[in-house]
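Let's take a friendly walk through this protein together. Please have the sequence and the 3D view open as you read.

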Amino acid sequence: MPKVSIVVPAYNEEAFISTLLDLVLSVDTESLGFSKEIIVVDDGSQDSSGEIVDTMSKTHPCLKVIHHPVNMGYGAALVSGFEAASGDLTFFMDSDGQFDIHDLARFLPLIEEYDAVLGYRIDRQDTWMRKVNAWGWKILVGLVFGIHVRDVDCAFKLYPTSFFREYKLETRGAMINTEILYKFTRAGNTYTQVGVRHLPRHGGRATGAKPSVILRAFRELFVCAIKWHREEKHLEKIARHEKPGLRQVKPSEE
């Protein structure tokens, strides 16, 4: 039976993490033809999140825990989870309770037709400031990288694990979703988009709008934009030289 790895990054989510994991553990993926493993990445939490998950893992063999000694960032937490994934598919979602894990049941059947399934938030339950920031980021990502999806940073996505084995992810902050989509689409993979429910936050505190997080995202965006566009031009140059029978023709002078 194929397996889906469910990656859940967590940072200071003691108020809801046990409830969330109970919900994830209750999801019957086997009825859809998949076994599951759950990988929680405790990203240097300063509350009892890590201890709660450690305790739960003792009675649930499918639950694995990774601890970062310090807070390394959202992207770093996802990358640690991706590296630990042993399933055929890798799915990730946030640990703040704003997503309903049962929506995953609508994703798994679609993987037979598409390489990935991307969620987008219906009736997003965030502050107007976060919505404005997300809108601006979406426009910027589209202009710089040519990525045009409905909700680039929606933390409810399903990918083939083989992609994370083949492609090295370089970013460690909020740019991670953009990087994944950029490399995934450039590799010629297909995807479909599915609307998912978005719920009020159940606990903890959102960190996506912190100035340090935003500055890190912009820094990674511009550094990667220069690097990846330079790499693309280099590959295009190599491809032109490798095409047989092609040569540059000097225009005639009149």
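The paragraphs below go from the core to a pair of helices, then to one alanine and the cysteines. Keep in mind that this is a predicted model.

Start inside, with the largest nonpolar core, which has 62 residues. Which of them touch the most other members? They are Phe91, Met93, Phe145, Leu158 and Tyr159. Take Leu158 as an example: leaving out residues up to four places away in sequence, Leu158 touches Val4, Leu89, Thr90, Phe91, Phe107, Leu108, Ile111, Ala116 and Val117.

Phe145 also leads us to the helices, as one of the α5 residues that meet α7. Helix α5 covers residues 128–145 and helix α7 residues 176–186; their axes come within 12 Å and cross at roughly 35°. The crossing is right-handed. On the α5 side the contact is made by Trp137, Val141 and Phe145, and on the α7 side by Thr178, Tyr182 and Arg186. By type, these contact residues comprise 4 nonpolar, 1 polar and 1 charged.

Next, find Ala77 in helix α3, residues 74–84. Is Ala77 buried or exposed? Its relative accessible area is 1%, so Ala77 counts as buried. Beyond its neighbours within four places in sequence, Ala77 is in contact with Pro9, Val41, Asp43 and His68. Ala10 lies 67 residues from Ala77 in sequence, yet their C-alpha atoms are 8.0 Å apart in space.

Finally, look at the cysteines. Cys154 is buried because its relative accessibility is 0%, under the 20% cut-off. Cys224 is buried too, because its value is 7%. With sulfur atoms required to lie within 2.5 Å, the model has 0 disulfides.

Definitions and conventions:
Residues are numbered from 1 along each chain as its sequence is written. This is a predicted model: local features need pLDDT of at least 70, side-chain atom pairs count only at pLDDT 80 or more; totals for chains, interfaces and linings use all residues. Side-chain values use heavy atoms; hydrogens and water are left out. Axes are lines fitted to C-alpha atoms, for helices over the stretch in contact, and angles run from 0 to 180 degrees between N-to-C directions. Helices (H or I, at least four residues) and strands (E, at least two) are DSSP runs, numbered from the N terminus. A crossing is left-handed if the near helix is turned anticlockwise from the far one by less than a right angle, and right-handed if clockwise. Contact means heavy atoms within 4.5 Å. Ala, Val, Leu, Ile, Met, Phe, Trp, Tyr, Cys and Pro count as nonpolar, Asp, Glu, Lys and Arg as charged, and the others, Gly among them, as polar. A nonpolar core is a set of buried Ala, Val, Leu, Ile, Met, Phe, Trp, Tyr and Cys residues joined through side-chain atoms within 4.5 Å. Buried means under 20% relative accessible area, exposed over 50%, partly exposed in between (1.4 Å probe, protein chains only).
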